[in-house]
Amino acid sequence: MDIAEISKQLEDTGYIVLAKPLADDLLEKLFARCQDDPARFHAAQVGRGAAKREIGSIRGDVIDWLDADNSSDRIYLACMDELRLGLNAALFLGLFDYECHYAIYEKGAGYAKHSDVLQGKKNRILTTVLYLNKDWQAANGGELVVYDPTGMSVIARVNPAFGTMIIFLSESFPHEVLTSLATRRSITGWFRVSGS
Ligand code: OGA
Ligand code: MN
(Lines give C-alpha, C1' and ligand atoms only; values in the text may rest on other atoms or scores of the structure.)
(Ligands and ions follow the chains in the order given, each with its own letter.)
Protein backbone atom coordinates (compact mmCIF):
# COMPACT_ATOMS: atom_id res chain seq x y z
CA MET A 1 0.00 0.00 0.00
CA ASP A 2 1.18 3.50 -0.80
CA ILE A 3 1.05 4.94 2.69
CA ALA A 4 2.36 8.34 1.56
CA GLU A 5 -0.47 8.71 -0.94
CA ILE A 6 -3.09 7.50 1.52
CA SER A 7 -1.85 9.90 4.21
CA LYS A 8 -1.86 12.86 1.86
CA GLN A 9 -5.39 12.18 0.63
CA LEU A 10 -6.72 11.64 4.13
CA GLU A 11 -5.18 14.93 5.17
CA ASP A 12 -6.54 16.78 2.12
CA THR A 13 -10.05 15.35 1.75
CA GLY A 14 -10.61 12.86 4.57
CA TYR A 15 -11.15 9.87 2.32
CA ILE A 16 -9.50 7.84 -0.42
CA VAL A 17 -10.68 5.15 -2.83
CA LEU A 18 -7.93 2.71 -3.83
CA ALA A 19 -8.45 0.53 -6.92
CA LYS A 20 -6.36 -2.42 -5.75
CA PRO A 21 -4.02 -1.83 -2.83
CA LEU A 22 -3.54 -5.50 -1.90
CA ALA A 23 -1.84 -8.41 -3.69
CA ASP A 24 -3.97 -10.77 -5.78
CA ASP A 25 -3.02 -13.85 -3.80
CA LEU A 26 -4.16 -12.24 -0.56
CA LEU A 27 -7.45 -11.16 -2.18
CA GLU A 28 -8.02 -14.75 -3.32
CA LYS A 29 -7.40 -16.05 0.20
CA LEU A 30 -9.85 -13.54 1.69
CA PHE A 31 -12.40 -14.31 -1.00
CA ALA A 32 -12.19 -18.03 -0.18
CA ARG A 33 -12.29 -17.38 3.54
CA CYS A 34 -15.45 -15.35 3.16
CA GLN A 35 -17.20 -18.46 1.85
CA ASP A 36 -15.60 -21.32 3.77
CA ASP A 37 -18.38 -21.70 6.32
CA PRO A 38 -21.67 -19.80 6.02
CA ALA A 39 -22.54 -20.84 9.60
CA ARG A 40 -19.89 -18.44 10.94
CA PHE A 41 -22.03 -15.48 9.94
CA HIS A 42 -24.74 -13.89 12.04
CA ALA A 43 -27.06 -10.93 11.68
CA ALA A 44 -25.38 -7.62 12.41
CA GLN A 45 -26.80 -5.49 15.17
CA VAL A 46 -27.56 -1.80 15.33
CA GLY A 47 -27.08 0.37 18.40
CA ARG A 48 -25.53 -0.42 21.76
CA GLY A 49 -26.54 -1.74 25.16
CA ALA A 50 -30.26 -1.99 25.77
CA ALA A 51 -30.94 -0.39 22.42
CA LYS A 52 -28.88 -3.01 20.62
CA ARG A 53 -31.09 -4.93 18.28
CA GLU A 54 -31.26 -6.56 14.93
CA ILE A 55 -33.10 -4.46 12.43
CA GLY A 56 -33.15 -5.88 8.98
CA SER A 57 -34.77 -2.77 7.64
CA ILE A 58 -31.78 -0.62 8.63
CA ARG A 59 -29.04 -3.11 8.02
CA GLY A 60 -29.42 -6.38 6.16
CA ASP A 61 -25.94 -7.88 6.22
CA VAL A 62 -24.56 -10.84 8.13
CA ILE A 63 -21.08 -10.54 9.63
CA ASP A 64 -18.21 -12.47 11.15
CA TRP A 65 -15.20 -10.89 12.87
CA LEU A 66 -11.74 -11.79 11.58
CA ASP A 67 -9.90 -14.42 13.55
CA ALA A 68 -6.21 -13.96 14.37
CA ASP A 69 -5.93 -17.76 14.56
CA ASN A 70 -6.83 -18.09 10.88
CA SER A 71 -3.82 -17.88 8.53
CA SER A 72 -5.63 -15.84 5.83
CA ASP A 73 -7.17 -13.42 8.29
CA ARG A 74 -3.78 -12.99 9.92
CA ILE A 75 -2.16 -11.81 6.68
CA TYR A 76 -4.84 -9.16 6.22
CA LEU A 77 -4.56 -8.06 9.85
CA ALA A 78 -0.77 -7.74 9.40
CA CYS A 79 -1.22 -5.54 6.30
CA MET A 80 -3.64 -3.32 8.16
CA ASP A 81 -1.31 -3.07 11.12
CA GLU A 82 1.46 -1.92 8.82
CA LEU A 83 -0.94 0.72 7.47
CA ARG A 84 -1.84 1.70 11.03
CA LEU A 85 1.81 2.29 11.95
CA GLY A 86 2.43 4.19 8.71
CA LEU A 87 -0.55 6.47 9.26
CA ASN A 88 0.50 7.10 12.84
CA ALA A 89 3.99 8.08 11.67
CA ALA A 90 2.65 10.37 8.93
CA LEU A 91 -0.40 11.92 10.57
CA PHE A 92 0.15 11.46 14.32
CA LEU A 93 -3.26 9.86 14.65
CA GLY A 94 -2.35 7.69 17.62
CA LEU A 95 -4.26 4.73 16.16
CA PHE A 96 -4.19 2.01 18.78
CA ASP A 97 -5.82 -1.01 17.15
CA TYR A 98 -7.90 -2.29 14.26
CA GLU A 99 -11.08 -4.36 14.41
CA CYS A 100 -12.76 -5.78 11.32
CA HIS A 101 -15.41 -8.18 10.13
CA TYR A 102 -16.45 -9.90 6.96
CA ALA A 103 -19.87 -8.79 5.79
CA ILE A 104 -22.23 -10.49 3.36
CA TYR A 105 -25.24 -8.72 1.89
CA GLU A 106 -27.54 -11.22 0.22
CA LYS A 107 -29.78 -10.13 -2.61
CA GLY A 108 -32.14 -7.41 -1.39
CA ALA A 109 -29.97 -6.26 1.53
CA GLY A 110 -28.55 -2.79 2.11
CA TYR A 111 -27.56 -0.50 4.95
CA ALA A 112 -29.45 2.76 5.46
CA LYS A 113 -27.57 6.05 5.77
CA HIS A 114 -25.62 6.14 9.02
CA SER A 115 -22.47 7.28 10.81
CA ASP A 116 -19.92 4.73 12.06
CA VAL A 117 -19.31 6.70 15.24
CA LEU A 118 -21.93 5.70 17.75
CA GLN A 119 -22.97 8.00 20.52
CA GLY A 120 -20.75 7.47 23.53
CA LYS A 121 -18.29 5.45 21.50
CA LYS A 122 -16.04 7.91 19.80
CA ASN A 123 -12.90 5.83 19.50
CA ARG A 124 -13.42 4.85 15.87
CA ILE A 125 -11.21 7.16 13.84
CA LEU A 126 -10.86 5.63 10.37
CA THR A 127 -13.21 3.27 8.56
CA THR A 128 -11.91 0.87 5.90
CA VAL A 129 -13.96 -1.27 3.53
CA LEU A 130 -12.37 -3.84 1.22
CA TYR A 131 -14.63 -5.33 -1.44
CA LEU A 132 -14.43 -8.97 -2.54
CA ASN A 133 -16.83 -9.20 -5.50
CA LYS A 134 -15.53 -10.65 -8.73
CA ASP A 135 -17.02 -9.36 -12.00
CA TRP A 136 -19.30 -6.94 -10.16
CA GLN A 137 -21.87 -5.40 -12.51
CA ALA A 138 -23.14 -1.84 -12.03
CA ALA A 139 -26.66 -3.24 -12.51
CA ASN A 140 -26.20 -5.20 -9.27
CA GLY A 141 -26.55 -1.96 -7.29
CA GLY A 142 -24.91 -2.30 -3.89
CA GLU A 143 -22.95 0.93 -4.28
CA LEU A 144 -21.50 2.61 -1.24
CA VAL A 145 -22.76 6.21 -1.28
CA VAL A 146 -20.67 8.63 0.77
CA TYR A 147 -22.06 12.01 1.85
CA ASP A 148 -20.30 15.19 2.89
CA PRO A 149 -20.20 15.93 6.64
CA THR A 150 -23.53 17.79 6.50
CA GLY A 151 -25.13 14.67 5.01
CA MET A 152 -26.70 16.79 2.28
CA SER A 153 -24.61 16.05 -0.78
CA VAL A 154 -23.05 12.96 -2.24
CA ILE A 155 -19.28 13.12 -2.55
CA ALA A 156 -18.51 9.59 -3.74
CA ARG A 157 -20.16 6.47 -5.11
CA VAL A 158 -18.11 3.31 -4.88
CA ASN A 159 -18.76 0.09 -6.75
CA PRO A 160 -17.91 -2.88 -4.51
CA ALA A 161 -15.55 -4.34 -7.11
CA PHE A 162 -12.98 -7.01 -6.28
CA GLY A 163 -9.97 -5.50 -4.52
CA THR A 164 -11.28 -1.94 -4.21
CA MET A 165 -10.75 -0.34 -0.80
CA ILE A 166 -12.12 2.89 0.65
CA ILE A 167 -10.69 4.54 3.73
CA PHE A 168 -12.44 7.51 5.37
CA LEU A 169 -12.64 9.49 8.58
CA SER A 170 -15.31 7.62 10.52
CA GLU A 171 -16.91 10.61 12.15
CA SER A 172 -17.01 12.91 9.12
CA PHE A 173 -18.85 11.00 6.44
CA PRO A 174 -22.39 9.64 6.67
CA HIS A 175 -22.79 6.79 4.17
CA GLU A 176 -25.18 4.10 2.99
CA VAL A 177 -25.13 0.82 1.09
CA LEU A 178 -27.69 0.80 -1.69
CA THR A 179 -29.82 -2.33 -2.03
CA SER A 180 -27.71 -5.06 -3.54
CA LEU A 181 -29.23 -7.25 -6.22
CA ALA A 182 -26.48 -9.86 -5.96
CA THR A 183 -24.51 -11.34 -3.07
CA ARG A 184 -22.06 -8.63 -1.95
CA ARG A 185 -18.98 -9.46 0.12
CA SER A 186 -16.58 -7.17 1.95
CA ILE A 187 -14.38 -6.66 4.99
CA THR A 188 -15.27 -3.58 7.01
CA GLY A 189 -12.91 -2.36 9.71
CA TRP A 190 -12.08 0.48 12.02
CA PHE A 191 -8.82 1.92 13.26
CA ARG A 192 -9.41 3.04 16.82
CA VAL A 193 -7.74 5.10 19.46
CA SER A 194 -7.62 3.65 22.94
CA GLY A 195 -10.06 4.71 25.62
CA SER A 196 -13.76 4.85 26.39
C1 OGA B 1 -20.57 -0.54 7.64
C2 OGA B 1 -20.66 0.05 6.28
C3 OGA B 1 -20.12 -0.02 3.92
C4 OGA B 1 -19.94 -0.96 2.79
O5 OGA B 1 -20.39 -1.78 7.74
O6 OGA B 1 -20.66 0.22 8.63
O7 OGA B 1 -21.05 1.18 6.20
O8 OGA B 1 -19.74 -0.48 1.66
N9 OGA B 1 -20.25 -0.66 5.19
O10 OGA B 1 -20.03 -2.18 2.97
MN1 MN C 1 -20.77 2.22 8.05
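**Chatting through the loops and the metal site**

Visitor: Is Asp135 buried or exposed?
Guide: Asp135 is exposed, with a relative accessible area of 69%. Buried means under 20%, exposed over 50% and partly exposed in between (1.4 Å probe, protein chains only). This is a predicted model, where local features need pLDDT of at least 70 and side-chain atom pairs pLDDT 80 or more, while totals for chains, interfaces and linings use all residues. Residues are numbered from 1 along each chain as written, chains are lettered from A and ligands numbered from 1 in written order, and side-chain values use heavy atoms, without hydrogens or water.

Visitor: Where is Asp135 found?
Guide: In the loop between S6 and S7. Those are strands, DSSP runs of E with at least two residues; helices are H or I runs of at least four, and both are numbered from the N terminus.

Visitor: What about phi of Asp135?
Guide: It is near 50°, a positive value in a residue other than glycine. Most residues other than glycine have a negative phi. Phe92 also has a positive phi, of about 55°, although it is not a glycine.

Visitor: OK, where is Phe92 found, and is it buried or exposed?
Guide: Phe92 is in the loop between helix H3 (71–91) and strand S4 (97–105). It counts as exposed because its relative accessibility is 72%.

Visitor: Back to the loop between S6 and S7: is Asn140 buried or exposed?
Guide: Asn140 is in that loop, and it counts as buried because its relative accessibility is 17%. Leaving aside neighbours within four places in sequence, Asn140 is in contact (heavy atoms within 4.5 Å) with Thr179, Ser180, Leu181 and Ala182.

Visitor: Switching topic, which residues are the protein donors of the manganese ion?
Guide: His114 (NE2), Asp116 (OD) and His175 (NE2), lying 2.1 Å from the ion, which is ligand 2. Donors are N, O and S atoms within 2.8 Å of the metal (3.2 Å for Na, K and Ca); water is not among the atoms, so sites may look incomplete.

Visitor: How are the donor residues spaced in sequence?
Guide: The pattern is H-x1-D-x58-H. His114 lies in strand S5 and His175 in strand S10, so the pair ties together parts 61 residues apart in sequence. Both His114 and His175 are buried.

Visitor: And ligand 1, which residues have polar side-chain atoms by its oxygen atoms?
Guide: For Tyr131 the distance to an oxygen atom of ligand 1 is 2.5 Å, for His175 it is 2.9 Å, and for Asp116 it is 3.2 Å. The protein covers 98% of the 290 Å² of accessible area that ligand 1 has on its own, by the Shrake-Rupley method with a 1.4 Å probe.

Visitor: Which strand gives the most to the shell around ligand 1?
Guide: S11, with three residues. S5, S6, S10 and S11 each supply at least two.

Visitor: Last one: where is Arg40 found?
Guide: Arg40 is in the loop between helix H2 (24–33) and strand S2 (42–43). It counts as buried because its relative accessibility is 16%.

Visitor: Which side chain makes a polar contact with the side chain of Arg40?
Guide: The side chain of Asp36, at 3.3 Å. A polar contact is a pair of N or O atoms within 3.5 Å; within protein, one must be able to donate a hydrogen and the other to accept it, and residues adjacent in sequence count only if both atoms are side-chain atoms.
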